[in-house]
Amino acid sequence: MLSIKNLHASIGDKEILKGINIEVKAGEVHAIMGPNGSGKSTLSAVIAGNENYEVTDGEVFLDGEDLADLAPEERAHKGVFLSFQYPVEIPGVSVTNFMKTAINESRKANGQEEMPANEMLKVIREKSELLEIDRKFLSRSLNEGFSGGEKKRNEIFQMAMLEPKLAILDETDSGLDIDALRIVANGVNKLKSEKNAIIVITHYQRLLDYIVPDFVHVLYNGRIVKSGGKELAYELEEKGYDWIKAEN
Amino acid sequence: MSKYTEDDLKIELETKEYEYGFYTNIESETFPIGLNEEIVRAISLKKEEPEWMTEWRIDAFRAWKEMIEPEWANVRYEKPDFQAISYYSAPKQVDPNKTLDDVDPELLEMYKKLGISVDEQKMMNNVAMDIVVDSVSVATTFKKTLGEKGIIFCPISEAIKEHPELVKKYLGTVVPQKDNFYAALNSAVFSDGSFCYIPKGVRCPMELSTYFRINQAGTGQFERTLVIADEGSYVSYLEGCTAPSRDENQLHAAVVELIALDDAEIKYSTVQNWFPGNKEGKGGVYNFVTKRGLCETNAKISWTQVETGSAVTWKYPSCVLKGDNSVGEFYSIAVTNNYQQADTGTKMIHLGKNTKSTIISKGISAGKSQNSYRGLVQISPRAENARNFSQCDSLLMGNNCGAHTFPYIESKNPSAKIEHEATTSKIGEDQVFYCNQRGIPTEKAIALIVNGFSKDVLNKLPMEFAVEAQKLLEISLEGSVG
């Protein structure tokens with residue numbers, strides 16, 4: 001589904017990604033781990049089409065289509081979803097209104113009618129239950145005054161609403177206490193299917209106890225330096241990132 | 001698929017013609033240009049006004065001649081040549097007995113373009129429309145329904161003839177002829193406008209609505225509005241404006257007076273969308289308006305305005321809280337784009353005891369525009385326990401626009417409680433990217449963010465206006481993120 005080939009990306013003059021290769025098939029969960037500053041968040045931003053980063057070489061394909069010329073919203077319409085590490089606040093715009101706009105924009109782009117209000121309400125009810133979200137929460141301004149945990153839970157709620165083909169969870173575990181982590185992971189697992197794929201970006205193995213990856217990649221200094229199965233995450237946890245740094 | 005960038009968006013916006021920029025060729029009767037006592041008398045004669053009204057105008061004109069244009073506002077523009085304007089223009093063949101059915105077909109066509117076709121109006125079961133096209137009211141509906149309640153809603157020219165006692169008693173009591181340069185000019189030459197009287201204890205059953213429109217080239221428009229809510233009555237009044245696109249600047253100097261007697265309430269809502277000028281800052285309406293309301297005991301006046309148009313705006317809808325326990329409110333959204341300049345705000349004059357005022361102002365600046373909030377909260381020595389809350393928020397888009405806040409507070413009573421909050425923020429790239437990532441294109445994302453920013457004020461508008469206002473915000477700001 002997602003095919004990243006020799007991806008190089010820079011911000012300003014600084015090259016951050018130095019030749020990334022990843023293949024993700026439908027139904028798979030991939031974890032990308034690595035120390036701070038290794039390029040994990042840059043990778044997610046580049047896949048989502050953030051224009052602050054310049055792709056200097058290589059390609060990103062989604063279902064065989066080159067994403068290079070697609071704007072961020074066009075990538076979203078094709079099913080790319082990014083759960084932000086730091087979700088932004090939009091004062092005065094309720095979670096419900098935001099989701100309604102997002103869903104209908106995607107439907108419009110894909111030649112569908114707007115979602116009828118009653119159906120929208122039904123989906124909202126279902127998905128908020130899935131993530132154990134109080135419905136009052138949905139009429140609050142998007143991310144304004146949300147706790148760290150609420151923000152992350154809200155990101156996964158949006159993922160549930162949008163049903164993306166490819167979901168990238170960028171440090172979704174940071175700021176979550178253990179109960180919230182379980183709820184969020186539980187939600188993600190329920191959304192997992194044979195048709196979609198998930199990339200989990202994290203520092204720690206902790207989240208991977210709940211969202212079990214099929215593959216683990218270690219990103220260091222802009223390159224994938226190690227790939228393996230879920231046992232690689234445990235090995236990392238045990239030996240620490242110094243092990244990787246020493247080898248490279 | 002090629003990438004659609006902000007630059008493309010900007011080009012699209014710039015080439016987009018002003019949506020309501022068309023010109024209807026109605027045969028008009030227009031006075032020669034220039035202003036002197038003869039012209040003032042001629043206007044009065046044309047309107048078949050009584051002697052006292054003519055004299056009232058002449059007084060105003062004499063005062064105006066001695067006055068100078070105010071220069072304290074934070075706006076720069078070429079001063080109009082007041083001798084190059086024609087002060088009267090009316091569509092021909094106005095027949096007071098005419099019904100909507102036999103209105104000039106070209107006018108009907110114009111209403112259609114404006115989205116207020118007469119057919120539509122008839123179907124709008126809750127809104128009575130008094131449409132001012134080029135100074136003379138040509139269509140008035142729902143008069144009968146209102147008449148049954150004793151409500152008077154008619155062109156002010158008609159009120160001067162039919163209800164002289166009311167007009168004589170209240171005209172100029174809130175905005176005196178000599179109040180300021182533009183008010184004096186308006187008092188001398190006003191051609192028409194609306195008059196509304198709600199009798200004691202009557203709750204007006206529908207929103208009263210007026211659409212103003214500048215049509216004839218080179219004619220200024222000087223409306224005069226007088227709304228009187230008698231004791232214990234209630235009225236909600238809507239005013240909406242659109243203007244056709246023109247190369248030369250057009251002057252718009254209106255006066256609105258509201259009088260809320262004991263226990264009465266007036267809600268006055270405005271959506272202003274006069275032609276803002278083109279992207280180089282050429283053309284556009286000069287909007288120099290004086291709006292003021294007087295509250296007697298326990299009375300309440302709310303001003304709500306959405307200002308998206310005009311090249312230069314100079315406007316301060318104010319409340320004189322004369323009676324004890326009276327309440328004044330001001331809710332405003334002012335949007336400026338390209339080279340627009342707005343200097344707008346309010347004055348809350350607390351005279352009575354326990355008077356309360358609220359000011360919520362949202363300024364949005366984009367392009368190379370300048371947006372200023374100017375407000376005065378004045379507490380007089382005998383206004384015991386007066387309270388004011390003011391909140392002024394500014395939203396900036398891009399790096400070439402300006403937002404300014406000039407709050408004045410004068411308190412002469414130690415028991416007063418005055419709060420003022422102000423914020424300035426910028427639409428962030430990160431906010432736009434977040435929306436993009438959820439599938440929301442940049443233009444829509446900005447509309448969403450701006451609507452969120454303006455929500456506190458949009459919520460104060462009557463339903464049908466809120467929808468129109470939201471659309472206007474979108475149109476006014478398309479492609480302006482930087």
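This is a predicted model: local features need pLDDT of at least 70, side-chain atom pairs count only at pLDDT 80 or more; totals for chains, interfaces and linings use all residues.

User: Why are strand 1 and strand 4 of chain A called paired?

Analyst: Pairing requires at least two bridges. Strand 1 (residues 2-11) and strand 4 (residues 54-62) of chain A are joined by 7 bridges and run antiparallel, so they meet the criterion of at least two. Within this pair, A:Ile4 has A:Val60 as its bridge partner.

User: What makes strand 2 and strand 5 of chain A edge strands?

Analyst: The open sheet has 4 strands in the order 2-1-4-5, with antiparallel pairing. Strand 2 (14-24) and strand 5 (65-66) each have a single partner strand, so one side of each lacks a neighbour in the sheet. Helix 1 (residues 40-48) of chain A packs on this sheet, where it touches strand 1, strand 2 and strand 4. The direction of helix 1 makes about 70° with that of strand 2.

User: How do you know that strand 21 of chain B pairs with strand 19 and with strand 23?

Analyst: The criterion is again at least two bridges. Strand 21 (residues 387-396) is joined to strand 19 (residues 356-365) by 10 bridges, in parallel. A further 10 bridges join strand 21 to strand 23 (residues 417-426), also in parallel. B:Gly363 has B:Ser394 in strand 21 as its bridge partner, and B:Leu395 has B:Ser425 in strand 23.

User: What describes the packing of helix 3 and helix 5 of chain A?

Analyst: Two packed helices are described by the angle between their axes and the distance between the axes. For helix 3 (residues 95-109) and helix 5 (residues 148-162) of chain A, the angle is about 35° and the axes lie 10 Å apart. Their crossing is right-handed. Among the residues that meet are A:Met99 and A:Ile103 from helix 3, and A:Gln158 and A:Met161 from helix 5. This contact comprises 6 nonpolar, 3 polar and no charged residues.

Notes
Residues are numbered from 1 along each chain as its sequence is written. Chains are lettered from A and ligands numbered from 1 in the order in which they are written. Helices (H or I, at least four residues) and strands (E, at least two) are DSSP runs, numbered from the N terminus. Axes are lines fitted to C-alpha atoms, for helices over the stretch in contact, and angles run from 0 to 180 degrees between N-to-C directions. A crossing is left-handed if the near helix is turned anticlockwise from the far one by less than a right angle, and right-handed if clockwise. Two residues are in contact if their C-beta atoms, placed from the backbone, lie within 7 Å. Ala, Val, Leu, Ile, Met, Phe, Trp, Tyr, Cys and Pro count as nonpolar, Asp, Glu, Lys and Arg as charged, and the others, Gly among them, as polar.
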